[in-house]
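Hello,

I am passing on the structure we talked about, and below it I have set out what I found when I went through it. Please read the notes with the structure open beside you.

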Amino acid sequence: MTDTQPAAPEEQQAKPPAEESFGQRFMRELTSGSILVTILSVVLALFIGAILIAASDPEVQEPAKYFFSRPGDTLSAAWDSVSSAYSALFTGSIIDINEYTVGRALRPLAETATNAAPLIAAGLGVALAFRAGLFNIGAEGQIILGAILAGYVGFGMHLPTGLHLIVGVLAGIVGGAIWGGIVGVLKARTGAHEVIVTIMLNYVARFFIAYLLTTAAFQRPGASNPVSPIVDESAQLTRFFDDSRLHLGFVLVLLAAFGVWWLLERSTMGFEFRAVGANPNAARTAGMSVSRTYIWVMLLAGGLAGLAGVMQVLGTERYLTAGISAGIGFDAITVALLGRASPWGTVAAGLLFGALRAGGVPMQAGTGTPIDIILVIQSLIVLFIAAPPLVRAIFRVPVRSAGQPVAGLQRGWGA
Amino acid sequence: MSAPTIQAPPPAAVSPEELALRPSWKTPIVFGVLALVALITFGILGESGQTSTFGISTGSDAWQIDPLALSSQPVALGLSLVCVVIAAYSAWLVRAGQAVPMWLTVLFTVAFVLAFLVWAVAGEQISFTSLLQGALALSVPLVFGALSGVLCERAGVINIAIEGQLLAGAFLSAVVATLTGSLYVGLIAAIVAGLLVAFVLAVFAIKYIVNQIIVGVVLNVLVIGVTNFLYGQLLAPEAATWNSPGTLPRIEIPLLSEIPVIGPVLFEQTIVVYAMYVTVILVQIALFRTRWGLRVRAVGEHPKAADTLGIQVNKVRFRNVLLGGAVAGLGGAFFTLGNVGAFSREMSAGQGFIALAAMIFGRWSPLGALGAALLFGFANNLQSLLGIIGTPIPSEFMLMLPYILTIFAVAGLVGRVRAPAADGEPYVKS
């Protein structure tokens, strides 16, 4: 890829020369500005977040009333307000330097990974569908169905250790795959638009779990609120450390990311997905079955989101509630977009969002800064990353290479 | 009843054109399944000896009409038999090679919904007028949102940010109306809020050529984040100074509001609802009957051709996105000023996405979007009314019903819809 050909076709841009090593590729991406732009986007988003934090803090508003006579008071109050909020965010998500043992100091990092696991799994589901030109807004519903089936296996069936966990995980994946598969089949057989069907199925799933949690089979005996029994120990995803919630699910998610990468980049089926995503009519002309592709993509995408449901019910929470999906399905859309619909990009984006989720809670508890600021920062990061020319203009970064288009996302609503 | 049978696959010699002309079996099949459901659950299994009572007029009406009391099971049985007959007739039509006409679908829907109503209300009483009134109230933001989508997407820009535009309109209208003490200034603020969100969408999507779906999704999150943040910091702690706008007065239109049943529903409304009627008609006429509309549609279908003819593609798109944002912002004001009288956290509650569905369901046309939005509003209100009086099935399934019916409708009756050809594709002059 050379600088003189900014309009080179996607295939050429997406595939760097084969002899390029990982290190070379990393350097190329670093120098081409895309990683720099990412970092600057995060800085810019944090800066705007800081303005919001400072402006809405009563302790800053007070000295701001006499700003023109003593501006230093306002600025130092603003600095205190912002730095305490952000250091709480950092200690909550990366390293707690006030702890004395290594294990406890790194506990926030484990919490970040715990939060990231379901985000990545569901994000992979959304990203995979994107690559085939489908807009999967239904991860939320797919997560719920996955959690229902995995949870039911977890507390309703009592199987031997080992087998129990495997059956539970598989049941969750199947649950998500069914919910996604409905969308694929309807799209392929009747042309029903996937955006409508996924939105509607989200609502159906939400009411379905609310109903189940009132039935005898799902409600915890003796509990008055709608929660399920705790899943059996044999069905829980093993936790790595005593004092953190980080569980085996994180490894499963990385395996899933590898699987999606292999599928998209190395397999015939993945090639068909991308071909249909790039141009369904051309793919049909080339002899591919577009409807079969839609069904498979949605089955797999749903299965990945179902895996996120498994993380929630067998790993993090360990019982079902009506809010088991915790908005992960919607964050997953942003994660997939931020990761430019590529598997490893999704992993990185999921980790970033996981860190913000993990740090937001102690930030709100410790400094009173509302956790909603996290949403603002998240969306600003994506917005800036998505518009490299804007960030380049603000920071005056020279253009060394044309920005790569997000694969499979150039088209609109799909056919 | 003659159950619709699936025709044998067409012989291999049929040309694709001929195949496309053949009416589809989907509609009779969906009709048949629904008619059977109606016949069995509403008719045969319905409780006998109950009456369903429907209040027709409200106390203040000029003409008082007595409540309609129907004997539940026989009436539901009769209505579901009507459904069966329509299903059989549509099957016969398709067999004879004719398409199922639109009026038949409407008739089927009405008969099915009435059969369901009579069954669900057995032994109870509901007011027909308040059913329709509530349905309209729930539809208003949907209609505005869907119109915003139509305006943007007809010009070739996907607008996922409807949710954000509605929420921004709701937020700013409440705050500005409280600060200024004027509800009408609040309405203008709602329009400005929608415009602002749309402006960001337009700058990123058109100027910086960022993927339109990304920008839309992100803008929704951004608006939710900012409004939640400000709500937590300002509106919730000091509601009196920031968040007590009150509601718009209802304006009765003389004569029209005295029509029985529909008069009070349609013509005793706030100015936002009247603005909705006007906007729907204006957009419909402007898009399909004016030069402006022709240009917009040209830009959405074939920007290159439009450019060749001297239309400034990106300018048209920019303007339409802003226009759509203004419309959606006004719709957002209905949540606060038109209905509740205060802003609350994430009060648009996914309605922007339902509006998106209504736009697609209505095939990117203003009148279609209006119909779809009214249908969603009706189903939603029906479900909440029936939740209050209690029905034979768990309330969660009642809550699911509108969404499941939508899936049925999209899969069976609408099927393949076609977006404007250049929808979502940025235009770069080469």
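Before anything else, pLDDT is the predictor's confidence in each residue, on a scale from 0 to 100, and it is needed here because this is a predicted model. Confidence in chain B is lowest in helix α1 (residues 16-21), with a mean of 46, and highest in helix α6 (residues 162-180), at 95. Chain B as a whole averages 84, and 90% of its residues score at least 70. For the model, the scores are ipTM 0.78 and pTM 0.81.

Now to the place where the two chains meet. On the side of chain A, 49 residues are in contact with 51 residues of chain B, and the area buried between the two chains is about 4500 Å², with carbon and sulfur atoms giving 80% of that area.

The rule finds one salt bridge across this interface, in which R345(B) is paired with D372(A), their closest N and O atoms lying 3.3 Å apart. Two residue pairs between chain A and chain B are counted as being in polar contact. Several helices of chain A each supply at least two residues to the side that touches chain B, among them α3 (34-56), α9 (163-190) and α17 (372-386), while α10(A) gives the most, with 12 residues. The residues on this side of chain A divide into 35 nonpolar, 10 polar and four charged.

Best wishes

Note on methods
Residues numbered from 1 in each chain as written. Chains lettered and ligands numbered in written order. Predicted model: local features only at pLDDT ≥ 70, side-chain atom pairs only at ≥ 80, totals over all residues. Heavy atoms only, no water. Contact = heavy atoms within 4.5 Å. Buried area = accessible area lost by both parts, 1.4 Å probe. Salt bridge = Lys/Arg side-chain N within 4 Å of Asp/Glu carboxyl O. Polar contact = N/O pair within 3.5 Å; in protein donor to acceptor, adjacent residues only side chain to side chain. Helix = DSSP H or I, 4+ residues; strand = E, 2+ residues; numbered from the N terminus. Nonpolar A, V, L, I, M, F, W, Y, C, P; charged D, E, K, R; others polar.
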